[in-house]
Structures are given as C-alpha cells and as structure tokens.
Amino acid sequence: MLVNVILPLPLDGTFTYSVPQLLDGQVNAGCRVLVPFGRNKQYVGVVSSLHDRQPEGYEVKDILQVIDAQPILLPEQYRLWQWIADYYMSPIGEVYKAALPAGLKAVDGYRAKTETYIRLTEPYRNETALHVALNMLQRAPRQLKTFIDYLALSGWDQGEGGALTRDELLNEGHALQTLNLLVKRGILETYEVEVGRLNHGGEPHPEQIKKLSQAQETAYNEILMSMLKKQVTLLHGVTSSGKTEIYIHLIQREIDQHRQVLYLLPEIALTIQMMDRLRRVFGDRLGIYHSKYSDDERVEIWQKQLSGHPYDVILGARSAVFLPFQRLGLVIVDEEHETSFKQQDPMPRYHARSVAIMMAQLSRREKESHLAPRILLGTATPSMESYHNAQKGKYGYVQLTERHAGIQLPEIQVVDTYDLQRRKMMNGLFSPLLLTRVREALERGEQAILFQNRRGYASMLECKQCGWVPHCQNCDVSLTLHRQMGQLVCHYCGAVYQVPVTCPACGGTELQTHGYGTEKIEAAVRDIFPEARISRMDLDTTRTRNAYERLISDFGSGHTNLLIGTQMISKGLDFDKVSVVGILNADAMLNYPDFRAYEHAFMMMSQVSGRAGRKGRRGLVILQTRQPQLPLIQQVVQNDYEALYRSLCNERKTFHYPPFYRLVYVFLKHRNDQLVETAAQEMGFRLRQWFGGRVLGPDKPGVARVKSLSIRKLVLKLENGLNMADVRKYLALAQQQMLQDKRYSSLQIYYDVDPL
C-alpha cells in the first residue's frame, strides 16, 4: 500500500511513500507519520490519502513510524488546506506549517506536562509494614516528620491511601533532600502523572446571560431569519450597541443545539476582556487559542478538540480557523473589517474571514444545507467588500443603530492644527482644547485615551549640521528611535543599532528628532500631566501575554487613567470611565500612499472614537488634523459610513479596485538589484501575454529593499467575472517558467491574493 504525505516544506504537492508490512493496517488519512526525505533528513508528515498507484520517476521509500492511532486532521480540514493552498497560491506544505502547532510537527514530538506524585512502595502498603517503617525512622527525626505528614496528607493514617503530589508535601515545609532519602530507603517512590496545561473555567452559568434590549432583540431575530436564507450575515452595529450580548445569545443557542462556535477576534489584546466576559457565562465550555499561548497549550487544545469532550466555544485570533471542529454551527468574525485578519508573512497569506466563509461553504457541500455552519460578520465599520456583498444581496444584512442604554455617540470636535501651528498655539502635537479637555476629565476622576498610530520615540534622527539620517543596512528605510531602549530600530527587518553620540558623516553633536511616536507622546504627557497615571499600549509594551493582561487590567480597574496607544486601542476594548479620546494626527493616516487609505482611516478614527462615553455621560473626541475641510473628516464626525461607501465606490469603479475588481500582487526578490529588475520586466512581459492591460508595473514598492533583498512589484487588476482557477493556472505557469531559467534559480517569486 502507498500513501501520499504532506510535508512541512515550501514545496508543491504531496510525496508518495510505501507502508511496510509491519505497519500495514495502522495508517489512516489524517494521521501523522515519520518519513525520510532527501539523503539523511526525517520529517513528520500528514497522510492525505492511501492508494496503490506507483509513481513514476523516483524510488518510493518506506514510512518509518506511524505516530497517531487516530487522525489529527479531519477530512474537512484537509479540504480547507487544499483550498487555501490553491486560492492563495501557496504550497500545501506552508499551509501545514501554519496550521499545526509546532509540537505536532516536531520529530521529537510533543511532551505532555507531567506532575510528580508520591506513594508508598509495594512492601509498605499494609499496617504492619507501616509500623516497621515508623520504628526504623525514629533516629532520623526529619525523615520521620516528613513520613508522618505524608501519611496524614495522603490518607494512609486512616487506612485509605490517596494520591498526593510531591509539591503538596514540600509545601508543608519539608525539604526535597529529606524526601529523596525516604525514596532511597525504599519506603516511598515517585511517579509521573500527565496533567493538562489548559485552564479550567469553572461551571457554566447561562443564567448570567443578560436580557437583550428591544433594539438588540430585534437585531437578534433578524440575524436568525437571515441565517435561514444566507450562509453569511453582516451585523452592522454602531460602537457600544451591544453586539457582544447578541453574540452571547447566539452562542448559547448553538450550545443548546449541541453545536460548536468559533469566535474570531483580530487582536490578541481583545481576547483578554472577551475571555473574562465569556468565561463568566460559559465556564469550562470555553477554550482560548492564539499565538501568545505556549505551543504546548495549543497542542493540548488541538487534542481536546479531537476528543469526545471538545470545547463548545473557541475564542481566538486568526490561526484558530485551523482548529478541528466536529460539529461547528456558527463562526463569529468580530471586527471583521480589521486588517489583522490577513496573514502577511510567512505564507500562506490567507484572510481568516475568507477562510471562515470557505469553511462553511465546503461544509455545505458535504452536509445538508441547513446543517452547514453560518458565518456572522460583526463590525461598526464594515470593510468595503463585506458591505458591497451585503448591498448586492450576497450576504444577509442586519443593522443596529442605537447605542446600548440610550447613550449617544460621542461628540467629535475637529481641531485645525495647521491654523494653530501658524499662530504658534500648539504644544508639540497637543492643541490647547485637547489639553484642557483631558485635564478636566482627569480632575473629574475619569479617563482619557490618546491615539497615535506610530510606535517608538521619533520616526527619524537627523544631524542638524549636515542632514545625515541613519538608515537600516538591510532595508531602504530610516531607523526609528526608541529612546527607552536606547536603540535605533528598523521596523521592517527588526535590526537594532546603537544611537550615535556624534554624526558619523561630519562629527557634529547636534542630532535632532523628527516625528512623534507613542513613546515620545508618553514622555510629553508625563511633563504636562505629572499627576496622571499613564500607560502605553503598542507593540513594544505588549510583547507577552501577561503584558496585555496587565495593561488592560490596570486601565480597566482605574489603576491608570491615561492610556496612550497605537491602533491596538481602537479595537473593541470596553472601558467604562473613558470620557475623552484624542486623535493626535489624523493626517498620518489620510496621506498614506494606498488606495485603501481613506477606508482604513475612517475605520480607525471611528473605532477609536467609539471608546469614549461607553457608559454614563456622552463622550468627547478631539480630532486633530491639518485638513478639516476634507469630506472624510465630516463623514467621521457624522458617523456617515454610507457617504464614505458611495464616494469610495465611484473611485474604485473608475480605477479598477475592489470590490469591483480583484487584486493580485506579484513580488520578486533577489539580492542583486539589477537581476530582480530584469526578472520583473520579463515576468511582466509573460503576464501581459495572457492578461494584457490588466497588468501594471513592474515598479519599486515604497520600501524597495528589505532584509538585503531588492524588491519589485507587479499588480494584476482582474474583473470579478474572470475564472480565478484559470488565472491561478497562468500565474503558476509564469512562475514555473521564470524559475526554470538558470539566471533566476535563486529568485523569489510569490503572490499576494486579495492584498490589504
């Protein structure tokens, strides 16, 4: 018998191995096997199929070991892997690498967590022998005391020997050395017991589910009606309208019908608050899955989902779409507009929202239509694509226009910073109005948020005498100053450099900074509001799971009262006492060279504005910009998404952008800049033979060298009616033809389908 095996390598297709007679009958599709590859390497692969078709062109090797008695990859998961590999033009080995936790791919396997227990050795498990042991220990008082405590804690002094961990005994003040002496004497022995790392959420409490308001009840019923007709429904609800309460009711409904729910969030930071909220209701029915959890924890969640008692609800970031589900009924994609749902590097460059929708569609092909999972997309600021699909009737559409408990949307006051700078009234990035309102809020015992979507201290360091600017040696970008770390950092490759004391070009000592990052904002705010309790949330301060939890807990409890942050703070966080939000520099978002700039700017400003006044009094947002006359600014002020959509639709149609056209970016990379330029020109020529004027470029992207690799980019604009299977076939052929040329043997070519 032969098997096709997926290997965790960036190679297309599967590899055929034979099953030795010794392992015959032990191999099933979806199980892991250890196989040889190349001259002397071994990999853990996943069996995709069993067959008897002898391949041509190479000698088939035997599999070395069968790792699983039962499949760890379900058939519907494998079909999803195939779709991801095909649609996003990524080798299925890369999908395998992205999908499975490292512990399930490692040759040395996953090591279960164990705990050390203590018990009496066999000869001493009777009353007579225990008396002998006690007499024998009379001359060793420490050992005697430890042994007596063991008997008491384990129940042997009552004739009922129970389980006792080593830590439980040592916590009574006994020394490990003393315990080891009892083991050496043959009276006690230790043994290991496998224990789970997973947190136990306690008993579920569905009685804690809150009653829906009239508006929420209406939306809930409309969602149920929509799900009868549509696979996908878009819930368009303003910030603080209570979408989460609707989700909780829908989750409980699925649980009551013995179905599972996948709840996707764009950022790990959001899972902290949401986890607490859901755990109060669903207890140990809830599992959490994201990259800040240890690999061993993720392995155990994967295994639990394959067991007879899986989690009913999984809350996670985008990678949670890869988990096995045995009876999935609903996928909630919260904040569906967020770009964090799109994986960038490494491959596969998938979008979790699209993968979730395809998961439901693939399931629908296998099951009766009404049994296939439904997808609910929730947001206050829909992506253009989702809103367009809802308007065209492809998705169901439910609107929730009222904030919960009748709270008004925040008042947004626009500040013209160009005029204030001309009159020399700005204090750095702070307008007088913003400083006044923040001070008043803090004096009232309320909280404030300042939003600046750039981390670090300053975006650039410059010699005042000669104009020298430090650049990354590996990338075509200037370095960002991180003063707290005392380093210059490249935000593209992560390279770190020491901050120079003098200019290496002219020897000058006056090095000045340009631009404002969150670190610089924090330093300035500490000077302006010395009494404030300040915290900062950006990538630099949230590199660990505990850091997220601490920052959110401190701000939520009022331990800190002024939060400075990047777009992390705009994503669904719920704080009761925030009355003022300051958007320090709207222009940095508006002037970004991307066709989605206005869409993303509207979303970010609307979302961060929604953090103000979520409970109690109406909130205030100070929006600082040099372009107050822009229509987009007024659309944000009036929360007029419909006007934004109409204006962007006209532009997108005219210039052939989504949702009316599909985009595919083609990237070429090589260390030799001239070679990559020649290759890009040739690639463009090949693609134009098939796609004609739909191909733009090649051009240098905004950053044309990253990690010492020169980059060129081509853009394909494809009308929605095109057969994408044929498109992918031609793209794959072009890539294959290019790489067959010896000049381009070390050239990197990859595609980004539906880029953001």
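**Reading the model**

Guide: Six strands, in the order β5-β2-β1-β4-β3-β6, form an open sheet with mixed pairing. Its edge strands are β5 (61-62) and β6 (65-66), each of which pairs on one side only. Strands here are DSSP runs of E with at least two residues, helices are runs of H or I with at least four, and both are numbered from the N terminus; two strands pair if DSSP finds at least two bridges between them. This is a predicted model, in which local features need pLDDT of at least 70 and side-chain atom pairs count only at pLDDT 80 or more, while totals for chains, interfaces and linings use all residues. Residues are numbered from 1 along each chain as its sequence is written, and side-chain values use heavy atoms, with hydrogens and water left out.

Visitor: How many bridges join β2 to β5, and do the strands run parallel or antiparallel?

Guide: In general, strands of a sheet pair through backbone hydrogen bonds, in either a parallel or an antiparallel sense. Here strand β2 (residues 15-18) and β5 run parallel and are joined by 2 bridges. Y17 stands opposite K61 in β5.

Visitor: Which way do the residues of β15 point?

Guide: In a regular strand the side chains alternate between the two faces of the sheet. R374, L376 and G378 point one way from β15, and I375, L377 and T379 point the other way. Buried means under 20% relative accessible area, exposed over 50%, and partly exposed in between, with a 1.4 Å probe and protein chains only. Because 6 of the 6 residues of strand β15 (residues 374-379) are buried, the strand is largely enclosed by the rest of the structure.

Visitor: Which residue stands opposite I375 in β15?

Guide: V232 stands opposite I375, and V331 also stands opposite I375. Strand β10 (residues 232-237) pairs with β15 in the parallel sense over 5 bridges. Strand β14 (residues 328-334) runs parallel to β15 and is joined to it by 5 bridges.

Visitor: What span does helix α11 reach, and which of its residues are buried?

Guide: The expected span of a helix is 1.5 Å times one less than its number of residues. Helix α11 (residues 295-306) has 12 residues and reaches 17 Å from its first C-alpha to its last, close to the 16 Å expected. Its buried residues are D295, E297, R298, V299, E300, I301, W302 and Q305.

Visitor: Which residues touch the most other members of the largest nonpolar core?

Guide: A nonpolar core is a set of buried Ala, Val, Leu, Ile, Met, Phe, Trp, Tyr and Cys residues joined through side-chain atoms within 4.5 Å. The largest has 119 residues, of which W81, L264, M605, L668 and M683 touch the most other members. Helix α12 (residues 352-366) gives the most to this core, with 8 residues. A second, separate core of 32 residues includes L265, Y293, V313 and V398.

Visitor: How many aromatic pairs does a search of the whole structure find?

Guide: Rings of Phe, Tyr and Trp (its six-membered ring) pair if their centres lie within 6.5 Å; planes under 30 degrees apart count as stacked, over 60 as edge-to-face and the rest as tilted. The search finds 20 aromatic pairs. The rings of W81 and Y96 have centres 5.8 Å apart and planes at 25°, so this pair is stacked. W81 lies in helix α1 (residues 75-87) and Y96 in helix α2 (residues 92-99), 15 residues apart; both W81 and Y96 are buried. F667 and Y750 also form a stacked pair, at 5.3 Å centre to centre and 25° between the planes. F667 lies in strand β28 (residues 661-670) and Y750 in strand β32 (residues 748-753), so the pair ties together parts that are 83 residues apart in sequence.

Visitor: Which residues do ring pairs link into a cluster?

Guide: The cluster consists of Y387, Y397, F602, Y641 and Y645. F602, in helix α19 (residues 597-609), counts as buried at 1% relative accessibility.

Visitor: With which side chain does H388 make a polar contact?

Guide: A polar contact is a pair of N or O atoms within 3.5 Å; within protein, one must be able to donate a hydrogen and the other to accept it, and residues adjacent in sequence count only if both atoms are side-chain atoms. The side chain of H388 makes such a contact with the side chain of Y645, at 2.9 Å. H388 lies in helix α13 (residues 384-391) and is buried, with a relative accessible area of 10%.
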